[in-house]
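The sequence and the structure follow.

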Amino acid sequence: MDKITKDGILTLLNEDWAGYVARIQALSPEAQQAFLEKQGYKRLADLLAHIVAWWQVGMQNIRNYRSDPEAVRPEIEVNDFNARAVERVKGVSNEQEIQAFEAARLEFAKQVQAMDKADFMDERILNQLRWELVNHLEEHRIV
């Protein structure tokens, strides 16, 4: 996605990301495990927790950008952040994390729906959307 637009992001959330879990689950058990291992995760819940954690940060950053013209993206140590996301779901089932993923996806779509034209002219917001939704989908693409 070259140009970030409201419609494009909503399509990404409501189609591409909405079908993400189903596409993984459509793989054979062996292919699912191979995909997860290639992504660096042992369980589906771990991968989804990683995605949800970044979405939560992204949504918070966007709220900050919308309310404060001087807001900047906080520095995050990526490896520690990812490890903490996985640790938080250690005792959580795949089904429970799928529900959390879906709730976060719907929340992100609701936030994007509420954004106005000016928001889509703010480079900080565009970059956040690009990283959390476009690039992240590409990074975790199911082959």
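In this predicted model, α1 and α6 pack with their axes 10 Å apart, at an angle of about 165°. Angles over 145 degrees count as roughly antiparallel, so α1 is roughly antiparallel to α6. The crossing in which α1 passes α6 is left-handed. From α1, the residues Lys6, Ile9, Leu10, Leu13 and Asn14 meet Arg105, Phe108, Ala109, Val112 and Gln113 of α6. Sorted by class, the contact of α1 with α6 holds 6 nonpolar, 2 polar and 2 charged residues.

Gly8, Ile9, Leu10, Leu12 and Leu13 are the buried residues of α1. These buried residues pack against α6 and α7. Thr11 also lies in helix α1, but Thr11 counts as partly exposed because its relative accessibility is 34%. The C-alpha atom of Thr11 is separated by 9.3 Å from that of Ala109, although the two residues are 98 residues apart along the chain.

Helix α4 (residues 44-67) packs with helix α7 (residues 123-139): their axes come within 9 Å and cross at roughly 165°. α4 and α7 are therefore roughly antiparallel to each other. Here α4 passes α7 in a left-handed crossing. On the α4 side, the contact is made by His50, Ile51, Trp54, Trp55, Gly58, Asn61, Ile62, Tyr65 and Arg66. On the α7 side, it is made by Arg124, Ile125, Gln128, Leu129, Glu132, Leu133 and His136. The contact of α4 with α7 comprises 8 nonpolar, 5 polar and 3 charged residues.

A further partner of α4 is helix α5 (residues 78-88), with the axes 8 Å apart and an angle of about 120° between them. α4 and α5 are therefore oblique to each other, and their crossing is right-handed. In this contact Asp46, Ala49, His50, Ala53, Trp54 and Val57 of α4 meet Val78, Phe81, Asn82, Ala85, Val86 and Arg88 of α5. The classes in the contact of α4 with α5 are 8 nonpolar, 2 polar and 2 charged residues. His50 and Trp54 of α4 take part in the contact with α7 and also in the contact with α5.

| α1 and α6 | 10 Å apart, about 165° | left-handed | 6 nonpolar, 2 polar, 2 charged |

In soluble globular proteins, nonpolar side chains tend to be buried together. The largest nonpolar core of this model has 36 residues, of which Trp17, Tyr20 and Leu129 touch the most other members. Elements giving two or more residues to this core are α1 (6-16), α2 (20-25), α3 (29-39), α4, α6 (94-114) and α7. The most comes from α4, which gives 9 residues. Another core, of 5 residues, lies apart from the largest one, and includes Ala53, Trp54, Phe81 and Ala85. Those four residues also take part in the contact of α4 with α5.

Which residues does Leu129 contact, leaving aside neighbours within four places in sequence? They are Ile4, Ile9, Ile62, Phe108, Val112, Met115, Phe120 and Val134. Among these, Ile9 is one of the buried residues of α1, and Ile62 belongs to the α4 side of the contact with α7. Phe108 and Val112 are residues of α6 that meet α1.

Arg63 lies in helix α4, and its relative accessibility of 35% is why Arg63 counts as partly exposed. Not counting residues up to four places away in sequence, Arg63 touches Glu107 and Gln111. The C-alpha atoms of Arg63 and Ile125 are separated by 9.1 Å, with the residues 62 residues apart along the chain. Asn135 lies in helix α7 and counts as partly exposed because its relative accessibility is 25%. Between the C-alpha atoms of Asn135 and Ile98 the separation is 21 Å, and these residues are 37 residues apart along the chain.

How values were computed: Residues are numbered from 1 along each chain as its sequence is written. This is a predicted model: local features need pLDDT of at least 70, side-chain atom pairs count only at pLDDT 80 or more; totals for chains, interfaces and linings use all residues. Side-chain values use heavy atoms; hydrogens and water are left out. Axes are lines fitted to C-alpha atoms, for helices over the stretch in contact, and angles run from 0 to 180 degrees between N-to-C directions. Angles under 35 degrees count as roughly parallel, over 145 as roughly antiparallel, 65 to 115 as roughly perpendicular and the rest as oblique. A crossing is left-handed if the near helix is turned anticlockwise from the far one by less than a right angle, and right-handed if clockwise. Contact means heavy atoms within 4.5 Å. Ala, Val, Leu, Ile, Met, Phe, Trp, Tyr, Cys and Pro count as nonpolar, Asp, Glu, Lys and Arg as charged, and the others, Gly among them, as polar. A nonpolar core is a set of buried Ala, Val, Leu, Ile, Met, Phe, Trp, Tyr and Cys residues joined through side-chain atoms within 4.5 Å. Buried means under 20% relative accessible area, exposed over 50%, partly exposed in between (1.4 Å probe, protein chains only).
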